[in-house]
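Let's take a friendly walk through this model, with an eye on its rings, charges and strands. Have your viewer ready and follow along.

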Amino acid sequence: MNIMDFNVKKFAADAGTFLSRAVQFTEEKLGQAEKTELDAHLENLLSKAECTKIWTEKIMKQTEVLLQPNPNARIEEFVYEKLDRKAPSRVNNPELLGQYMIDAGTEFGPGTAYGNALIKCGETQKRIGTADRELIHTSALNFLTPLRNFIEGDYKTIAKERKLLQNKRLDLDAAKTRLKKAKAAEARASSEQELRITQSEFDRQAEITRLLLEGISSTHAHHLRCLNDFVESQMTYYAQCYQYMLDLQKQLGSFPSSYHCNNNQTSVVPVPAASSNVIGSSAMTSSGLVMTSPSNLTDLKEGSGSRKARVLYDYDAANSSELSLLADEVITVYSVVGMDSDWLMGERGNQKGRVPITYLELLN
């Protein structure tokens, strides 16, 4: 027998097997043939694997959206990944915003209050951008990659063996059908022999599939560890961002000195970061602005004397009626009749101006 004859016979056998399976499948759908049911344990394992695959894909895709909201960037990264090439580095949104702020602050003048604040904010935004890159990198490495490996590796193997099991089941049921239809003794003997072979192959494939499916529990345990890594990466990222903003707030020293709400044009004192040593206590108004009410300035307000006070935070004067402050310096403060309760008059040498009480700590 030459190679061509062998290939022709193999093709004919494969075609016959395919046709037999197609006939069996069609008759099952029409209710004209019996179907061998898988045992309940194997069915549960198959259902668990399918459920794991569906939810893993959804979680993976939505995590990618969370880490990279730009769909065009995700497509580009996907193409480079398939080409086994590294995607070019691009500036992310916080870094771009930071650079705009720095450029604007430089043009307005680093010596001006606004320009200096823009530069500080820009530098912080760029630091947040760096933290964002680190979050994406660690999340992709420790969380997304294991999920993708399951979808593209383990589950593909499971799906392949599951399909093979389906084919072996169709072969088995087709052999059962032929045995029922066999009349002659010779035909029955041949059909019985075929049935024994197909039953053995089906049982063997069912065992292989079962062993693979039982590994899903190990997959869940592995994905749980990856999930913990992802949560830790997010904790690190948000902690870094929070610390960066705290540092920025201290550098800025204050918010703008007054805001005007749309309804009653209420003037609001600037409020620094929370501190147990701040003179005033604060409360939220219905408009969402923070109002400061003094709690331990009664003596100073009612008397005509002056007191020494330590400055808690830097403060840039908003206009000529205010006095700029530097953290930790000591100034003289006193009350002036008719002045807003959130402000005192401060003196430093020959300089004098209004100062917000929330930035001060009275000294004995």
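**From helix to hairpin**

Over residues 158–192, the chain is 91% helix and 0% strand, with 31 Å between the C-alpha atoms at the two ends. Keep in mind as you look that this is a predicted model.

How many aromatic pairs does the structure hold? There are six. A pair of this kind is described by two quantities, the distance between the ring centres and the angle between the planes. Take F143 and F230: their ring centres are 4.7 Å apart and their planes meet at 10 degrees, so this pair is stacked, given that planes under 30 degrees apart count as such. The two residues come from distant parts of the chain, with F143 in helix 5 (residues 113–181) and F230 in helix 7 (residues 216–252), 87 residues apart. The cut-off behind both calls is under 20% relative accessible area.

A second pair, Y315 and Y359, has another geometry: the centres are 5.3 Å apart and the planes are at 55 degrees, which makes the pair tilted. It also links distant parts of the chain, 44 residues apart. Y315 is in the loop between strand 3 (306–311) and strand 4 (330–334), while Y359 is in the loop between strand 6 (351–356) and strand 7 (360–362). Y315 counts as buried because its relative accessibility is 0%, and Y359, also at 0%, counts as buried too. Together with Y313, these two tyrosines form one aromatic cluster.

Rings meet charges here as well. The charged end of K58 sits over the ring of W55, 4.6 Å from the ring centre. R354 lies over the face of W343, and there the distance to the ring centre is 4.3 Å.

Strand 5 (residues 343–348) and strand 6 run antiparallel and are joined by six bridges. As one example to click on, E347 has K352 in strand 6 as its bridge partner. Strand 5 and strand 6 form a hairpin with two residues between the strands, and in this hairpin G349 takes a positive phi near 65 degrees.

Note on methods:
Residues numbered from 1 in each chain as written. Predicted model: local features only at pLDDT ≥ 70, side-chain atom pairs only at ≥ 80, totals over all residues. Heavy atoms only, no water. Helix = DSSP H or I, 4+ residues; strand = E, 2+ residues; numbered from the N terminus. Phe/Tyr/Trp six-rings, centres within 6.5 Å; stacked < 30°, edge-to-face > 60°. Buried < 20%, exposed > 50% of the residue type's maximum accessible area, 1.4 Å probe, protein only. Lys NZ or Arg CZ within 6 Å of the ring centre and 35° of its normal. Pairing = 2+ DSSP bridges.
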